[in-house]
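Please open the model in a viewer and keep the selection panel at hand.

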Amino acid sequence: MQTFLDAPATAVILEKLGWVLVHSLWQFAAVAAVTSAATAVAWRAGPRLRHGLFVCGLVAMAALPVVTWHTLDVRPQPQAADATGSGAAAGVLARGAWVPPPDGAARTAAAATPWTAASGGDAIAEGIRPWLGWLTAAWLVGVATAAVRPLVGWLAWRRLTTTGAAEVPAAVMRMVERARRRLGIGQAVRVVQSAAVRVPAVAGWLRPVMLVPLALVTSLAPRELETLIVHELAHVRRGDLLVHILQLLLETIAFYHPAVWWLSARIRVEREHCCDDLVVATT
């Protein structure tokens, strides 16, 4: 019985993934360069426009690998098993290449990798091809490792909002309700206080939860506390929590690219500026 690694379709998937990773190197760099130039031109327009441009760059980075995957035309090519009996996919991981089919009707390796062959880079493509299997394997290991960070963060947030957390006083909850109506937020926002945190935070796209430090509840003047509450609710109003999820997803999948981390960091900075402006306009 043919195993999963022996299947030609598995070999095609491994090669396509490898080419998507290779093309993402220049694609993400190009998106970062264009986004940087656009924000430099529109710098005086304010943080809202800059944040929007950075988010557009983030969406482009998330979409380009999908477009590349559907653009690539990689087809299974016959190859005999090696001496150890490894099949098609195992041969990719061992050698990273397939033997071209003997008949001239099938596509050549260069035709199976668009853009590279079209630009006259056949030699470069053939030099990269033997490493595609190892590149894909290393990427899969890296994704599994990078996924630990958002998982640990989610578990820590869940622990903070459940263990040792308590409902805020009624006066604070009235502040939250006033600010929520003022900002036009229709969905309910749960608010809890905890002594384990030092700064307010909000998370949760579908069911947002705001975590308020106990020290701020007891020490800040009502006006100051209300300003912090409005700032956190501004993230909910602007949809920043959904963008944050996209950031974590892209940082996990494209952990290897510095342009992704640069763009994500710029989004976080401009996001806070946008919320500060919204606080000033609201209060």
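Begin by selecting Glu270, which is buried, with a relative accessible area of 1% (buried means under 20% relative accessible area, exposed over 50%, and partly exposed in between, with a 1.4 Å probe and protein chains only). The model is a predicted one, in which local features need pLDDT of at least 70 and side-chain atom pairs count only at pLDDT 80 or more, whereas totals for chains, interfaces and linings use all residues. Residues are numbered from 1 along each chain as its sequence is written, and side-chain values use heavy atoms, with hydrogens and water left out.

**Stop 1**

Helices (H or I, at least four residues) and strands (E, at least two) are DSSP runs numbered from the N terminus. Arg266 is partly exposed at 23% relative accessibility, whereas Glu270 is buried at 1%. Now select Arg50 as well: Arg50, Arg266 and Glu270 are linked in a network of salt bridges.

**Stop 2: from helix 10 to helix 11**

Select Glu251 and Arg268, whose side chains meet in a salt bridge of 3.0 Å, N to O. This pair links distant parts of the chain, with Glu251 in helix 10 (residues 240-253) and Arg268 in helix 11 (residues 258-282), 17 residues apart. Glu251 is buried, with a relative accessible area of 2%, while Arg268 counts as partly exposed at 28%.

**Stop 3: from helix 7 to helix 9**

Move to Arg182 and Glu226, a salt bridge in which the closest N and O atoms are 3.1 Å apart. Here too the pair links distant parts of the chain: Arg182 lies in helix 7 (residues 170-183) and Glu226 in helix 9 (residues 222-238), 44 residues apart. Arg182 is partly exposed, at 37% relative accessible area, and Glu226 is buried, at 9%. The whole structure contains 7 salt bridges.

**Stop 4: the cysteines**

How many disulfides are there? The count is 0, where a disulfide is a pair of cysteine sulfur atoms within 2.5 Å. Select Cys274, which is buried with a relative accessible area of 7%.

Definitions and conventions: A salt bridge is a side-chain nitrogen of Lys or Arg within 4 Å of a carboxyl oxygen of Asp or Glu.
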